Amino acid sequence: MQRRNTQTLGEVLRDFFEDNTEIYEKIMEARVLRSWGELLGPTIMRYTRNIYIRDKVLHVSLTSSVLREELTLCRERLLKNLNDHVGANILTKIIFH
């Protein structure tokens, strides 16, 4: 018996996420949060107290004022690297606290 209308798993997932964009955005936001530690490394993670996303803005609380200023200077490059790492334009801005 030959099956008709078969789809690959990737096609099924793509169709599912096209219909459920909220779920897709939440998954991408989780990837961004995980990427923060992967891209910046364990040293920066030691100074990161809290990190969250609200309305496509990444909020990062840091315990070091010197690090906060350094990251503020390269904010645009960091924003581009995070979006590139997850493969989607999830973030529009980064705010350091």
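What follows walks through the overall layout of the chain and then a handful of its residues.

This is a predicted model, in which local features need pLDDT of at least 70, side-chain atom pairs count only at pLDDT 80 or more, and totals for chains, interfaces and linings use all residues. Residues are numbered from 1 along each chain as its sequence is written, and side-chain values use heavy atoms, with hydrogens and water left out.

The chain holds four helices and three strands, where helices (H or I, at least four residues) and strands (E, at least two) are DSSP runs numbered from the N terminus. Read from the N terminus, the order is α-α-β-β-α-α-β. The radius of gyration comes out at 17 Å, well over the 13 Å that the globule rule gives for 97 residues, so the chain is more spread out than a compact globule. Here the radius is taken over C-alpha atoms, and the globule rule is 2.2 Å times the number of residues to the power 0.38. Along the principal axes, the C-alpha atoms fill a box of roughly 65 × 25 × 20 Å.

Now for surface and contacts. Of the 97 residues, 29% are buried; buried means under 20% relative accessible area, exposed means over 50%, and partly exposed is in between (1.4 Å probe, protein chains only). The chain exposes about 7,200 Å², with carbon and sulfur atoms supplying 50% of that area. Accessible areas come from the Shrake-Rupley method with a 1.4 Å probe, and for residues only the protein chains shown count as cover. As for contacts (heavy atoms within 4.5 Å), take those between residues at least 6 apart in sequence: 51% of them join residues at least 24 apart. On the charge side, there are 15 positive and 13 negative side chains, and the centres of the two sets lie 5 Å apart. Lys and Arg count as positive and Asp and Glu as negative, while His and the chain ends are not counted; each charge is placed at NZ of Lys, CZ of Arg, CG of Asp or CD of Glu.

Helix α2 spans residues 21-47 and includes L33. I23 sits in helix α2 too. I23 is partly exposed, at 39% relative accessible area, and, setting aside residues up to four places away in sequence, it touches F16 and F17. L33 is likewise partly exposed, at 32%. With the sequence neighbours up to four places away left out, L33 touches I51, Y52, I53 and L58.

T48 belongs to strand β1, which covers residues 48-54. T48 is buried, at a relative accessible area of 14%. The T48 side chain makes a polar contact with the side chain of W36 at 3.2 Å, and a polar atom of that T48 side chain also lies 2.9 Å from the backbone oxygen of I44. A polar contact is a pair of N or O atoms within 3.5 Å; within protein, one must be able to donate a hydrogen and the other to accept it, and residues adjacent in sequence count only if both atoms are side-chain atoms. Beyond its neighbours within four places in sequence, T48 is in contact with W36, V60, S61 and L62.

The loop between β1 and β2 (57-62) contains D55, and K56 is in that loop as well. D55 has a positive phi of about 55° despite not being a glycine, and K56, also a residue other than glycine, has a positive phi near 65°. D55 is exposed, with a relative accessible area of 67%, whereas K56 is partly exposed at 39%.

Helix α4 takes in residues 75-86, N83 among them, and L79 is in helix α4 too. L79 counts as buried at 10% relative accessibility. Not counting residues up to four places away in sequence, L79 touches L91, T92, K93 and I94. L79 and E29 are 50 residues apart along the chain, and 13 Å separates their C-alpha atoms. N83 is buried as well, at 7% relative accessibility. A polar atom of the N83 side chain lies 3.1 Å from the backbone nitrogen of I90. With neighbours within four places left aside, N83 is in contact with A88, N89, I90 and L91.
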